[in-house]
Amino acid sequence: MTDVPWPSDGVTELAADVLVVGGGVAGCLAAIEALDAGATVLVADKAKFLERAGSVAGGVDQFMTPLNGGEEWDTPQHLMSFVPGLTDGLSDLDVAERAVHELPRVFQRLTDIGIDFTDPTTGEYFRTRAFGLPGEYHLNFDGSKFKYKLGRYTVGHGAKFLPRTMVTDLLTAPGGDRVVGAVGFNCRTGERYVIRAKAVVVSTGDINRISRNISGLPFDSWHFPYNTGDGHAMAFRSGARLTNMELVEATLTPLGFSTQGTNSYAGQGAYFLNRHGERFMFKYDPKGEKARRTILVDAVIEEVLAGNEPLYVDIRHLPAETLDDFVASLGIDRYTLPGYFEQRGLDIRKELLPIGISEMSIRRGGSYFRGSGLVVDTSAECNVTGLFGAGDCSMVSGGISAAAAMGAIAGRGAVERVQATEDELALDSSSLERALSWMEQPLVATTGRGWKDHEDRIRTLVTDYVGMRRTDRGMREARKLLATLAAEESGLEASSFHELMRTLEAKNIRLAAEVMTEAALHRTESRSGAAHRRLDHPETDDVTWKRSIVVSRAPEGGIRMEYMSETELPTAAAVGSGT
Amino acid sequence: MTTDSTWAAPQPDPTLHNPIKINPETCISCMICDYVCPGDVIYKQPRSKELPVIVFPDECWYCGLCEQACPADAITVVFPEEMLNPTTPVTSLLGVDPK
């Protein structure tokens, strides 16, 4: 039986003009822009220090932006003209355009605060072409201290930081259509917070730990395993709209260690080979290894199904200098990767690197300038007033670049909302009671069932039935299994505040799986390579489906669905509903 | 706001692979690995000579932030057998037909 009392009966009350939930790249830029405009800002994150918060705290090696450098392709306008083709009908082009035009501006801001994007050996920008983009927009740089500097600047600029804090739910005004704050707790001390704010920016990243991988270790994930859709879930519970939740993203990864870095292999000129020694990518895309990630993953799946395993990355043909630089750079994006190769006894300069596919994340379905998450307008605000979304949890995402751009836009939008707000915002006390009760449920449950088994069951059903190859029959099975898990969820028990955090994360992952399943069932076509692949609807149907599915919580319970086109926000009546 | 209080961390399950090896000879008992770990995996009692404890080894991301940040070079990230010599076929990640 659980006996973990809160450290005190009371809660700690905090207040700021702008609350930023999640202190990664998007959250820091939101904070900086809001501070610039004179707002008070509180940033909450599960990490102990803002310098170390978010998915790129360990390092990052690319930033994508046009630089207006004189070449025809080097402008936001040129990049933007390719965005509709990249996003496959599943982005809001007005918001995407706003983000694209923000890129050079936010790049300049980052440079001004002391981030060096040049190649240390030449002092120049080193630019490469990747992911099917129409120019050399990716700057390779040593970003091992990028997040450290950004976090440090944000705090120095005046942001207050709330460490080791999982924000669990939003608070709303009477009527429910205005966000007025949030609640959370410290995962070590159990101190509870009720935070009042006139605007809340949710920048909690993508959704991981939702499907199985090769090693079978749930936290061995390509992307940050502590990003579990907490922001998506709290926004959804508060009535916010989410979109593109059926799109998944996996990557090519060293077999056994799910890591990022595919773009650097491809960008450097690596070959992807099958067991016959064939450069198989050209069978699937004229760009070969430089095709979009979702095409790469789809091709790997085809090769595996055709019995052409094992598959390899081959960099042996690259010139010695390139090899030196490349192998050295692998440790920037993922610090432990060189050590992994060493412990495995593998010299990738001389040997083939076996590759496979990673687990899936819910995150933009492999294409920049679209996203899986909160539907926002050109000020990054959601349909719930006062709630803003930025980064990988919002509907226009794309690595640290789009996160920075949308974060900056959200910060400015939040300040505009604060300025347009009357002094006192009423709090609906029932929203506070609900939030506190949901937060403490695992501490008072007494079933003896824990989050690990719950999460394993989610990963198994998602992998088997809602994963890389979907069918109506499979997803209906998943729907049943998810309903069972949902019914059991109130009994999950936590015996520490750390475990409370994991348990609430597991519940958010389950909700994400449910939303994903309903949207994927509804989309009776295949789209964007491996992002949404239906075995029973293998064709892409642009007539019916070149539009996004928007989900929100139905007032009567269950999931409400609407459509959204590239150029129109969701205004249509509900088109269907899930369970 | 409180700071992290001294906290009786639960003991790790000894059957789990320990991903973070700490050299007791060189560890200077500072707090840095505890502070930088993004997964709340490493616990170090403040103001104590005790070594940090890897309390939740199966929640490690293998990011190596602890190894990178350790001022005494006392940490090595050690990969488990499942990652070094994986045996799971890729086909098992590609979905099944419901029975």
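Visitor: Which residue takes a positive phi in the hairpin of β17(A) and β18(A)?

Guide: In this predicted model, the residue is G557(A), with a phi near 95°. The hairpin has five residues between its two strands.

Visitor: What makes β17(A) and β18(A) a pair of strands?

Guide: Two strands pair if at least two bridges are found between them. Six bridges join β17(A) to β18(A), residues 559-564, so the two strands count as paired. They run antiparallel.

Visitor: What joins strand β10 of chain A to β17(A)?

Guide: Two bridges join β10(A), residues 242-243, to β17(A). The requirement is at least two bridges, so β10(A) and β17(A) also count as paired. These strands run antiparallel, and T243(A) has V550(A) as its bridge partner in β17(A).

Visitor: Why is β17(A) called mostly covered?

Guide: A residue is buried if 20 or more other C-beta atoms lie within 10 Å of its own. Of the six residues in β17(A), which spans residues 548-553, five are buried.

Visitor: Why is T385(A) called partly exposed?

Guide: T385(A) has 16 C-beta neighbours inside 10 Å. Buried requires 20 or more and exposed requires 12 or fewer, so a count of 16 places T385(A) in between, as partly exposed. T385(A) lies in the loop between β15 and β16 of chain A. Leaving aside neighbours within four places in sequence, T385(A) is in contact with D177(A), R178(A) and V179(A).

Visitor: What makes β3 and β4 of chain A edge strands?

Guide: The open sheet has three strands in the order β3-β5-β4 (chain A), with antiparallel pairing. β3(A) and β4(A) each have a single partner strand, so one side of each is left without a neighbour in the sheet. Neighbouring strands of this sheet are turned by 35° against each other on average, direction ignored. Three bridges join β3(A) to β5(A), and Q62(A) stands opposite N140(A) in β5(A).

Visitor: What describes the way in which α1(A) and α10(A) meet?

Guide: Two packed helices are described by the angle and the distance between their axes. The axes of α1(A), residues 25-36, and α10(A), residues 399-419, come within 7 Å and cross at roughly 35°. The crossing is right-handed. Among the residues that meet are V25(A), L29(A) and I32(A) in α1(A), and I400(A), M406(A) and V415(A) in α10(A). By class, the residues of this contact are 16 nonpolar, three polar and two charged.

Visitor: How many residues of chain B touch chain A, and which element gives the most?

Guide: In chain B, 36 residues are in contact with 47 residues of chain A. The elements of chain B that give two or more residues to this side are α1, α2 and α3. The most come from α3(B), which gives three residues. By class, this side of chain B has 22 nonpolar, eight polar and six charged residues.

Visitor: What is the predictor's confidence in chain A?

Guide: The pLDDT of chain A averages 93, and 97% of the residues score at least 70. Over residues 572-579 of chain A, however, the pLDDT is below 50. Beyond near neighbours in sequence, this stretch has 21 contacts in the model.

Terms used. Residues are numbered from 1 along each chain as its sequence is written. Chains are lettered from A and ligands numbered from 1 in the order in which they are written. This is a predicted model: local features need pLDDT of at least 70, side-chain atom pairs count only at pLDDT 80 or more; totals for chains, interfaces and linings use all residues. Helices (H or I, at least four residues) and strands (E, at least two) are DSSP runs, numbered from the N terminus. Two residues are in contact if their C-beta atoms, placed from the backbone, lie within 7 Å. Ala, Val, Leu, Ile, Met, Phe, Trp, Tyr, Cys and Pro count as nonpolar, Asp, Glu, Lys and Arg as charged, and the others, Gly among them, as polar. pLDDT is the predictor's confidence in each residue, from 0 to 100. Axes are lines fitted to C-alpha atoms, for helices over the stretch in contact, and angles run from 0 to 180 degrees between N-to-C directions. A crossing is left-handed if the near helix is turned anticlockwise from the far one by less than a right angle, and right-handed if clockwise.
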